[in-house]
Amino acid sequence: MIKNKIKEFRARENMKQEDLAKLVGVRRETIGNLEKGRYNPSLVLAWNIANVFRVTIEEIFTVTDDSL
């Protein structure tokens with residue numbers, strides 16, 4: 001499972017889902033679904049989101065193994 005801190009990073013920047021969506025070229029619903037864990041991003045989308053916040057992908061997205 002991929003977990004993320006998108007909402008946390010948006011809050012730091014006082015950014016709405018719609019603002020981030022426009023910056024990375026997706027719909028606002030996509031950002032909402034990412035934040036809720038309903039959707040896993042492509043590598044390009046993950047890179048673009050990290051780039052907006054000037055951090056590495058690993059600082060926003062983490063992979064967890066729930067079977068352990």
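Axes here are lines fitted to C-alpha atoms, for helices over the stretch in contact, and angles run from 0 to 180 degrees between N-to-C directions. Two packed helices are described by the angle between their axes and the distance between the axes. Keep in mind that this is a predicted model.

Start with H2 and H4. Their axes are 10 Å apart, and the helices pack at an angle of about 115 degrees. The crossing of H2 and H4 is right-handed. From H2, the contact is made by Leu20, Leu23 and Val24. From H4 come Leu45, Asn48, Ile49, Val52 and Phe53. Sorted by class, the contact of H2 with H4 has seven nonpolar residues, one polar residue and no charged ones.

Now widen the view to the core. The largest nonpolar core has 16 residues. Those with the most contacts inside this core are Ile6, Leu20, Val24, Ile31, Ile49, Phe53 and Ile60. Four helices each supply at least two residues: H1 (6-12), H2 (17-24), H3 (28-35) and H4 (43-53). H4 gives the most, with six residues.

Which residues does isoleucine 31 contact, leaving aside its neighbours within four places in sequence? The list is Ile6, Arg10, Gln17, Leu20, Ala21, Val24, Val26 and Ile49.

One of those partners deserves a stop of its own. Glutamine 17 is found in helix H2. Is glutamine 17 buried or exposed? Buried means under 20% relative accessible area. Glutamine 17 has a relative accessible area of 17%, so it counts as buried. Its side chain makes a polar contact with the side chain of glutamate 35, at 2.9 Å. Not counting residues up to four places away in sequence, glutamine 17 touches Arg10, Arg28, Ile31, Gly32 and Glu35.

Last, turn to the loop between H1 and H2, where methionine 15 lies. Methionine 15 has 15% relative accessibility, and therefore counts as buried. Leaving aside neighbours within four places in sequence, methionine 15 is in contact with Arg10, Leu20, Leu23, Val52 and Phe53. Leu20 and Leu23 also belong to the H2 side of the helix contact, and Val52 and Phe53 to the H4 side. For a sense of spacing, take methionine 15 and arginine 28. They are 13 residues apart in sequence and 12 Å apart in space, C-alpha to C-alpha.

Notes: Residues are numbered from 1 along each chain as its sequence is written. This is a predicted model: local features need pLDDT of at least 70, side-chain atom pairs count only at pLDDT 80 or more; totals for chains, interfaces and linings use all residues. Side-chain values use heavy atoms; hydrogens and water are left out. A nonpolar core is a set of buried Ala, Val, Leu, Ile, Met, Phe, Trp, Tyr and Cys residues joined through side-chain atoms within 4.5 Å. Buried means under 20% relative accessible area, exposed over 50%, partly exposed in between (1.4 Å probe, protein chains only). Contact means heavy atoms within 4.5 Å. A crossing is left-handed if the near helix is turned anticlockwise from the far one by less than a right angle, and right-handed if clockwise. Ala, Val, Leu, Ile, Met, Phe, Trp, Tyr, Cys and Pro count as nonpolar, Asp, Glu, Lys and Arg as charged, and the others, Gly among them, as polar. A polar contact is a pair of N or O atoms within 3.5 Å; within protein, one must be able to donate a hydrogen and the other to accept it, and residues adjacent in sequence count only if both atoms are side-chain atoms.
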